[in-house]
Amino acid sequence: MAYNNDRARRNRDEEASEFTEKVVSLNRVSKTVKGGRVQKFSALCVVGDGKGRVGYGLGKAGEVSEAIRKGLEDAKKNIVNITMYGDTIPHEVIGEFGAGRVLLKPAPEGTGVIAGGAVRAVVEAAGIKNIRTKCLRSNNPANVVAATMEGLKSLRDAAEVAAVRGKSASEILR
């Protein structure tokens, strides 16, 4: 016998979520079996708090809403902190994942987010307000999102660089 657990689920959803949730891509895939075609869906989702924490996840299911829910749960499990310099990034970086390469460059105040769809979702969820980006190779959303995340994870601020070099942060910033 199947039980209806909608009430418990509704209570969890009603709690104000601290994260912004975005569906980057929704893909319908089909598998041909003896009885015909079986349709399934995959959803690539990004979550972030707008203060330097962001994550992404992939959910697959037979229904769109279930795939999105699974993707968002996976994204919340994979949240990482990124280094920010005001409302931009501290330095230029190229993120790589598979065939995807993404160039991320800091931008001055007032520039805004200059980015394509998949990169824009990650950058806005992280809370970055001024940045210039360019997808260099693949435009596959899954690889582009992963490459963007790799680039953002590799960012270091002056204090981290100074600690590695055995200097002070003010010496590095000169």
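Helix H4 (residues 141–153) lies across strands E1, E2, E3 and E4, and runs at about 155° to E3. Keep in mind as you look around that this is a predicted model.

- Strands of a sheet pair through backbone hydrogen bonds, in either a parallel or an antiparallel way.
- Here, 4 strands form an open sheet in the order E1-E2-E3-E4, and the pairing is antiparallel.
- Strand E1 (20–33) and strand E4 (80–81) stand at the edges with a single partner strand each, so one side of each has no neighbour in the sheet.
- Between strand E2 (residues 36–48) and strand E3 (residues 53–61), the antiparallel pairing extends over 8 bridges.
- Which residue in E3 is the bridge partner of Val 47? That partner is Gly 55.

**A helix packed on the sheet**
- Helix H3 (residues 117–126) packs on the sheet, where it touches E1, E2 and E3.
- The direction of H3 makes about 140° with that of E1.

**The second largest pocket**
- Rolling a probe the size of a water molecule over the atoms shows where empty space is left.
- The second largest pocket has a volume of about 170 Å³.
- Its lining includes Tyr 85, Ile 89, Pro 90 and His 91, and also Arg 156 and Asp 157.
- Which helices each supply at least two residues of this lining? They are helix H5 (158–165) and helix H6 (169–173).
- By residue type, the lining of the second largest pocket divides into 8 nonpolar, 1 polar and 2 charged residues.

Definitions and conventions:
Residues are numbered from 1 along each chain as its sequence is written. This is a predicted model: local features need pLDDT of at least 70, side-chain atom pairs count only at pLDDT 80 or more; totals for chains, interfaces and linings use all residues. Side-chain values use heavy atoms; hydrogens and water are left out. On a 1 Å grid over the protein atoms alone, a cavity is a set of points where a 1.4 Å probe fits but cannot get out, and a pocket is an open set with protein on both sides within 12 Å along at least five of seven lines; lining residues have an atom within 4 Å of a point. Grid points are joined across faces, edges and corners, and a volume is the space filled by probe spheres set on the points. Ala, Val, Leu, Ile, Met, Phe, Trp, Tyr, Cys and Pro count as nonpolar, Asp, Glu, Lys and Arg as charged, and the others, Gly among them, as polar. Two strands pair if DSSP finds at least two bridges between them. Contact means heavy atoms within 4.5 Å. Axes are lines fitted to C-alpha atoms, for helices over the stretch in contact, and angles run from 0 to 180 degrees between N-to-C directions.
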